[in-house]
Amino acid sequence: MFSMEEMRDRIKKLRKDPYWWDMPEEAYREMEKVVGSDKISKEKVVRQAYVGRGYGRELVWFSAQAYPPCCVVQPETTEEVAAIVRICNKYHLPFNPCSSQWSYNANPRFRPDQVQIDLQRMQGLVIDKKNLYAKIEAGVRYGHFCQACFDNDCIFINTGGGSGACVIANHIISGCSPLNYRMGNSERRILSCTWVTPEGDIVRTGSWAGRKPTVENGFWGDGLGPNLNGLLRGHIGWFGAMGIVTEMTVKIFPFIENAKEAMVAEGVSPESHTLFKTNRVAWQNIKFLSRKALEDFFYEISHTQIGAAVMKVPVFWRVIARAKDKEDFWERWSGVTKEDIENFHMARVLLIGFTNEKQMEYEYAVLQELAEEFKGEFTRTKPWDESWFKNADTSGMWMMTNGYSSCEGGQECLRCGYETGKVLGKLLWEKYTPPFMPEYEDPGWFQSNDFGHSCYLEVLVHMNVSKCDLLSELYDPDYVKKMIEWHFEETPFVDAKMGFFNFFPASGFPILVQGPFFNDYQVWIDRFKKEFDPNGISNPPAPYDPENVIKRLPVFMLNKARRIVKTAKRS
């Protein structure tokens, strides 16, 4: 292993600023008066806990650009959040809001002078079972929220990122899950918001506007057409660059009677699951003879409007489900061939008898007819769920290599999703395998959303994390170069060519690389930031984090991306 001296020397060569930064004492005292001395700290051990966390952390961690905040403050009310933001504006201190810290953007990057506004104390949760909506605060996580819905015989999505993600943050970033198939995308589920602007004003949208915010009057959004909720979401979200949403009402949906008793948690992670103690909830797996039959099945099941979720099952999902550990996975995966991938076409359908057992019987009968039409064969399924209702089993996605890069994730039409996945799978296999895990031209995982009106596509690239870690003896700059090239150049240009609107810009892809291909949406980002955040303190440099990563990478990497970023800035 490296000595401490050698590690420090390596990091010093990459770090651009001093690691610790002391904020003005007057600013700290003013914040302390707002929240109390027990909810603010500038102790180094507390600040260090917020360094380099979240999904995509390797982008800043392995380039030594993750920094501690200058202080951590934990407000409990919207008014406290607004007061802290106003103090930040007064002293020109950049601030960074976080709840679950699911993404690396929820922590300081590239500079050490940010105030960390941790919203995890905001745990308000009220459900209106009669009118089917819920009022939630910023610290509420999906695991707690989904259980609260079960307790009220209701249902809601659980994000693909796991039950540890927070509901409000996910709704203004993505809000995606296989259950979007019937519940619709998050912009439709958001009813009302309480928003602290980058300058510290409190704005209420929807039926909360101008009234005392209670669950009773947070029942409706802004009406038809464009609204402020769209501004808060931007392209796929601002990642804290447009102030802080502290409260939200969201639409919830009727489920089955006695849901709490019917959906029972069993086991200990990673062997946990939700057992179905009811005959009105069931997963069905259907295996088809060809990729075309699978694709056509997705179109037709959407037309019938049955089911609660419809998705493609990748081969490596099945291998992960059977593997006991990493060694067991590789022993099983070593027997997989390209022909196995080419000849495996499986759909996974969730059926729910929302109204009664008759509906369940009807939906199963329709599914049988569709399977027969496309020559599909039903295969054995387990009477439980491991991901989509409540559980957090996402650690299984890291099993193979200890890390992965979600290079593609977004929504377009079904056809665009199919074709983009095929192009990326072929490119990954022919040009980047090795060094990455062999996926044998798999066209990615996709699901149908909004009854087939859109398709979510995700393509994962599994890499050896140790070879990317600057402080590992296995660190390999050529390996890192390949990973960065795939992530920052190959995938964005495939998206541009195929017209696939990816939601990873701002968390992984350079906006200035993709924006010019999609109506120059970076121009609107700049206009909104200038108007609403004139002091430039709302979580800088978001949403341009990837551009700052590129700037700090060695010059031999990403010449093509650097050239396009410069061109976009000039124009």
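Predicted model: local features only at pLDDT ≥ 70, side-chain atom pairs only at ≥ 80, totals over all residues.
1. Helix α12, which covers residues 291-304, and helix α16, which covers residues 357-373, have axes that come within 11 Å and cross at roughly 150 degrees. Angles over 145 degrees count as roughly antiparallel, and α12 and α16 are therefore roughly antiparallel to each other. The crossing in which α12 passes α16 is right-handed.

2. On the α12 side of this contact stand Phe297, Glu300, Ile301 and Thr304, and they meet Val366, Leu367 and Leu370 on the α16 side. Sorted by class, the contact of α12 with α16 has 5 nonpolar residues, 1 polar residue and 1 charged residue.

3. Helix α2 (residues 25-35) and helix α5 (residues 78-90) also pack together, at an angle of about 170 degrees and with their axes 10 Å apart. That angle makes α2 roughly antiparallel to α5. From α2 the contact takes Ala27, Glu30, Met31, Val34 and Val35, while α5 supplies Glu80, Ala83, Ile84, Ile87, Cys88 and Lys90. In terms of class, the contact of α2 with α5 has 8 nonpolar and 3 charged residues, with no polar residues.

4. Turning to aromatic rings, a search of the whole structure finds 29 aromatic pairs. One of them is formed by Tyr299 and Tyr418, an edge-to-face pair with 5.9 Å from centre to centre and 80 degrees between the planes. This pair links distant parts of the chain, since Tyr299 belongs to helix α12 and Tyr418 to helix α17 (residues 414-431), and the two residues are 119 residues apart. Tyr299 is partly exposed, with a relative accessible area of 30%, whereas Tyr418 is buried, with a relative accessible area of 3%.

5. A second pair involves Tyr364 and Phe378, whose ring centres are 5.8 Å apart and whose planes stand at 50 degrees, so the pair is tilted. Tyr364 lies in helix α16 and Phe378 in strand β17 (residues 377-379), so the pair ties together parts that are 14 residues apart in sequence. Tyr364 counts as partly exposed at 30% relative accessibility, and Phe378 is likewise partly exposed, with a relative accessible area of 27%.

6. Ring pairs also join into a cluster, whose members are Phe288, Phe297, Phe298, Tyr299, Tyr418 and Phe446.

7. Phe503 is found in the loop between α18 (477-498) and α19 (511-514). Buried means under 20% relative accessible area, and Phe503, at 16% relative accessibility, therefore counts as buried. Leaving aside residues up to four places away in sequence, Phe503 touches Ser174, Ile236, Gly409, Gly410 and Tyr456. As for Gly409, its C-alpha is 5.8 Å from the C-alpha of Phe503, although the two residues are 94 residues apart in sequence.

8. Helix α21, residues 545-552, is mostly covered, with 7 of its 8 residues buried. The buried residues of α21 are Asp545, Pro546, Glu547, Asn548, Val549, Ile550 and Arg552.

How values were computed:
Residues numbered from 1 in each chain as written. Heavy atoms only, no water. Axes fitted to C-alpha atoms, helices over the stretch in contact; angles between N-to-C directions. Helix = DSSP H or I, 4+ residues; strand = E, 2+ residues; numbered from the N terminus. Parallel < 35°, antiparallel > 145°, perpendicular 65-115°, else oblique. Left-handed = near helix turned anticlockwise from the far one by under 90°. Contact = heavy atoms within 4.5 Å. Nonpolar A, V, L, I, M, F, W, Y, C, P; charged D, E, K, R; others polar. Phe/Tyr/Trp six-rings, centres within 6.5 Å; stacked < 30°, edge-to-face > 60°. Buried < 20%, exposed > 50% of the residue type's maximum accessible area, 1.4 Å probe, protein only.
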